[in-house]
Amino acid sequence: MNSVVVMGVAGCGKSSVAQKIAQTLGLALIEGDEFHSEHNQKKMRQGLPLTDADRADWLTNLGLALAQHQGGAVLTCSALKRAYRDYLRSLVPDLRFVFLEIDPVTARRRVTARAGEHLFPPSLVESQFATLESPVGESGVLRLDATLPLTTVSESAVQWLRAEPEQKTA
């Protein structure tokens, strides 16, 4: 089994979907937020968007963590820009991405509902959408509607990940 990144803007359900995928496929789960430096965490808590420079070491650490799991792993990572995804692909051959697509209103509502439990404040949701470069059309990417029930989304992802290699783009 290859590794997969569950990606999208804040509030799309990355952690919940990734957990279900990892459990179903018996893969390690890597929570991307746990790899943010203290500097990055402080910026986010202050409502300041991260820059490419802020994300550079974070992405390297995520890629290295994924590469350590030869049997595959599931990573949560916003992976908002094509350059970020390509960098992760350079570190982990045959890396797949499950893109959880969501609208700004729903994302903001979800992030607001978890305020205080998560380091990411609702004020940064808009910056995530401004930064997002849709991965639709890239090889090895599955787009799913993040507003569908968790079971539907996770089962669709698992089915796609288990499919033959020639069916890996959807």
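1. A79 is placed in the loop between β3 (73-76) and α4, where helices (H or I, at least four residues) and strands (E, at least two) are DSSP runs numbered from the N terminus. The phi angle of A79 is near 45 degrees, a positive value in a residue other than glycine. A79 is also buried, with a relative accessible area of 0%; buried denotes under 20% relative accessible area, exposed over 50%, and partly exposed the range in between (1.4 Å probe, protein chains only).

2. The model is predicted: local features need pLDDT of at least 70, side-chain atom pairs count only at pLDDT 80 or more, and totals for chains, interfaces and linings use all residues. Residues are numbered from 1 along each chain as its sequence is written, and side-chain values use heavy atoms, with hydrogens and water left out.

3. A further backbone point concerns D94, which is not a glycine and yet has a positive phi of about 60 degrees. D94 belongs to the loop between α4 and β4 (96-101).

4. Helix α4 (residues 82-91) holds both D86 and R82, four residues apart, about one turn of the helix. Their side chains form a salt bridge (3.4 Å, N to O), the term being used for a side-chain nitrogen of Lys or Arg within 4 Å of a carboxyl oxygen of Asp or Glu. D86 is partly exposed, at a relative accessible area of 33%, and R82 is likewise partly exposed, at 41%.

5. D86 has a salt bridge with R89 as well, with the closest N and O atoms 2.8 Å apart. These two residues are separated by about one helical turn, because they stand three residues apart in helix α4.

6. R82 in turn meets E138 through a side-chain salt bridge (3.7 Å, N to O). This pair connects distant parts of the chain, since R82 is in helix α4 and E138 in the loop between α6 (125-131) and β5 (141-145), 56 residues apart. E138 counts as buried, at 5% relative accessibility.

7. Which residues are linked in a network of salt bridges? The network comprises R82, R85, D86, R89 and E138. Over the whole structure, the search finds eight salt bridges.

8. On charge, the protein has 18 positive and 19 negative side chains; Lys and Arg count as positive and Asp and Glu as negative, whereas His and the chain ends are not counted. The centres of the two sets lie 3 Å apart, with each charge placed at NZ of Lys, CZ of Arg, CG of Asp or CD of Glu.

9. As to the fold, the protein contains seven helices and five strands. Read from the N terminus, the order of elements is β-α-β-α-α-β-α-β-α-α-β-α. Of the contacts with a separation of 6 or more, 76% are between residues 24 or more positions apart, a contact meaning heavy atoms within 4.5 Å.

10. The overall dimensions agree with a compact globule: for 170 residues such a globule would have a radius of gyration near 15 Å, and the protein has 15 Å. That radius is taken over C-alpha atoms, and the globule rule is 2.2 Å times the number of residues to the power 0.38. Along the principal axes, the C-alpha atoms fill a box of roughly 45 × 30 × 30 Å.

11. Buried residues account for 47% of the 170 residues.
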